[in-house]
Amino acid sequence: MAWLDLENAFGSVPHTFILGALERAGVPESTIALVSALYTGSTSTIRVESGWTDPIPMCAGVRQGCPLSSIIFNLTLEQILRTGLPPDAGFELFSNSISCLAYADDHLIIDSSSAGLQRTIDLISTQANRAGLKFKPAKCASLSFSFTSHRRH
């Protein structure tokens with residue numbers, strides 16, 4: 001298993017990727033148009049000692065404090081996981097295959113072999129990079145188990 005943490009995940013996803021992810025998730029066009037209106041052309045200013053900065057274009061990330069942001073972010077990450085997780089990946093547990101547990105920007109990837117785990121990590125990394133996201137190696141880790149069966153006679 002491997003724990004993966006995305007670097008600056010909430011602030012890094014390009015708005016074009018967010019809008020595409022919403023479309024691929026089946027969000028109605030009217031809702032996508034509203035989200036697009038919130039994100040397209042948005043700017044931010046910062047108050048400094050001498051006054052306010054010029055407007056800074058905001059082309060990536062979800063809006064801080066917006067109640068829609070967590071939903072938008074989760075739908076965006078869902079697209080990365082759906083395209084990055086191989087269909088045969090995972091670990092069999094009680095007749096169910098489990099390949100990923102995700103909570104916001106933290107992911108636990110599980111596979112029954114180290115080669116399968118590496119393949120899944122590579123695929124998810126590729127999809128994350130396409131979305132403008134990177135994993136933070138200092139906050140990622142892996143753990144391997146080896147099981148043998150012992151029969152008593």
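This briefing covers the salt bridges, the cavity and the ring contacts of the structure. The model is predicted. Three salt bridges are present, along with one cavity of 30 Å³ or more and one aromatic pair.

**Salt bridges**

- Lys139 and Asp5 form a salt bridge, with 4.0 Å between the closest N and O atoms. This pair links distant parts of the chain, 134 residues apart: Asp5 belongs to strand β1 (residues 2-7), and Lys139 to the loop between β10 (134-135) and β11 (141-142). Asp5 is buried, at 7% relative accessibility.
- Asp88 pairs with Arg119, the closest N and O atoms being 2.8 Å apart. Asp88 is exposed at 55% relative accessibility, whereas Arg119 is partly exposed at 35%.
- Glu78 forms a salt bridge with Arg82, and their closest N and O atoms are 2.9 Å apart. Both residues lie in helix α4, four residues apart, or about one turn of the helix. Glu78 is partly exposed, with a relative accessible area of 32%, while Arg82 is exposed at 60%.

- The largest cavity holds about 40 Å³ of space.
- Its lining consists of Leu6, Leu77, Ile80, Leu81, His107, Ile124, Ala128 and Phe135. Two elements, α4 (69-84) and α5 (114-130), each give two or more residues to this lining; α4 gives the most, with three.
- By class, seven lining residues are nonpolar, one is polar and none is charged.

**Charge over a ring**

- The charged end of Arg24 sits over the ring of Phe17, 5.4 Å from the ring centre.

Definitions and conventions. Residues are numbered from 1 along each chain as its sequence is written. This is a predicted model: local features need pLDDT of at least 70, side-chain atom pairs count only at pLDDT 80 or more; totals for chains, interfaces and linings use all residues. Side-chain values use heavy atoms; hydrogens and water are left out. Rings of Phe, Tyr and Trp (its six-membered ring) pair if their centres lie within 6.5 Å; planes under 30 degrees apart count as stacked, over 60 as edge-to-face and the rest as tilted. A charge sits over a ring if NZ of Lys or CZ of Arg is within 6 Å of the ring centre and within 35 degrees of the ring normal. On a 1 Å grid over the protein atoms alone, a cavity is a set of points where a 1.4 Å probe fits but cannot get out, and a pocket is an open set with protein on both sides within 12 Å along at least five of seven lines; lining residues have an atom within 4 Å of a point. Grid points are joined across faces, edges and corners, and a volume is the space filled by probe spheres set on the points. Ala, Val, Leu, Ile, Met, Phe, Trp, Tyr, Cys and Pro count as nonpolar, Asp, Glu, Lys and Arg as charged, and the others, Gly among them, as polar. A salt bridge is a side-chain nitrogen of Lys or Arg within 4 Å of a carboxyl oxygen of Asp or Glu. Buried means under 20% relative accessible area, exposed over 50%, partly exposed in between (1.4 Å probe, protein chains only).
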